[in-house]
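Trainee: Please take a close look at one part of this model for me. I would like to understand the interface between the two chains.

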Protein chains: 2
Amino acid sequence: MEATRLAKVFKALSNERRLELFRLIYSQCRQEEVRSQKDGKGCCEGIEKAFTMACGCMDLSRSTISHHFKELQNAGLITCTRQRQTFICQVNEEYVEAVRSFLS
Amino acid sequence: MEATRLAKVFKALSNERRLELFRLIYSQCRQEEVRSQKDGKGCCEGIEKAFTMACGCMDLSRSTISHHFKELQNAGLITCTRQRQTFICQVNEEYVEAVRSFLS
DNA sequence: ATTAAAGTTCGATAACATTCGAACTTTGGT
DNA sequence: ACCAAAGTTCGAATGTTATCGAACTTTAAT
């Protein structure tokens with residue numbers, strides 16, 4: 001991955017609260033993978049109600065949380081979709097892998 | 001590594017020019033390891049004239065380059081020492097490893 | 001002793017980021 | 001039809017970052 005995009009990924013993770021948010025999403029995503037026996041095949045199907053969950057466990061306004069989700073999306077780290085009532089959030093493993101391989 | 005410190009590491013890598021600088025240092029450090037057959041034992045002894053080298057290959061003022069070196073140091077990613085005429089720069093493998101393990 | 005090279009520090013400026021509350025939209029429940 | 005919940009968007013306030021040139025310090029070379 002070229003420097004420009006990689007720097008954007010790092011920028012997305014450079015804010016402490018946003019990093020916590022990503023950590024939350026990422027760890028849930030990996031639990032989900034284990035639960036559904038998809039471990040190793042990349043990324044889980046997506047966590048539901050990620051926004052609501054984040055609002056519940058982070059002491060930030062909804063608008064700020066929304067903004068942080070946008071930033072993680074813009075960086076390419078996650079993809080969010082809405083299907084009627086639920087906000088579904090997936091981690092983009094390709095990007096996570098890019099960071100890992102940058103450092104090896 | 002806790003979120004606060006990790007976010008600082010990411011912040012240090014979030015600027016494109018600084019990322020290039022780190023990449024430069026890091027790749028040279030790893031070449032050095034191979035050359036001196038210390039591969040796998042962590043980090044090389046340190047690259048000499050890192051500042052001068054950076055000035056030569058990055059189109060930025062010396063003051064800005066100095067600033068970027070400081071930021072990488074503050075984040076804990078590198079350690080710089082001056083021994084008389086040479087500026088010696090080492091990569092702190094512990095921090096690199098922390099980032100890798102955050103994403104796994 | 002003078003000069004040059006290698007870095008650092010300072011002050012300024014412009015750009016960007018974080019966060020909030022308020023106002024809004026869309027969807028679901030009653 | 002009305003209300004609540006879930007999100008988004010906007011505007012403002014405040015703080016942080018990137019970058020430069022100028023002025024400085026320290027070490028080496030002549």
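Mentor: Start with a term. A polar contact is a pair of N or O atoms within 3.5 Å; within protein, one must be able to donate a hydrogen and the other to accept it, and residues adjacent in sequence count only if both atoms are side-chain atoms. Between chain B and chain A, eight residue pairs are in polar contact (both at pLDDT 80 or more). Helix 1 (3-12), helix 2 (16-35) and helix 5 (93-102) of chain B each supply at least two residues of the side of chain B that touches chain A. Helices here are DSSP runs of H or I, at least four residues, numbered from the N terminus. Helix 2 of chain B gives the most to that side, with seven residues. The residues on this side of chain B divide into 13 nonpolar, four polar and seven charged.

This is a predicted model: local features need pLDDT of at least 70, side-chain atom pairs count only at pLDDT 80 or more, and totals for chains, interfaces and linings use all residues. Residues are numbered from 1 along each chain as its sequence is written.

Now the extent. The contact (heavy atoms within 4.5 Å) takes 24 residues from chain B and 24 residues from chain A. The two chains bury about 2200 Å² between them, 68% of it on carbon and sulfur atoms. Buried area is the accessible area (1.4 Å probe) lost on putting two parts together, summed over both.

Conventions
Chains lettered and ligands numbered in written order. Heavy atoms only, no water. Nonpolar A, V, L, I, M, F, W, Y, C, P; charged D, E, K, R; others polar.
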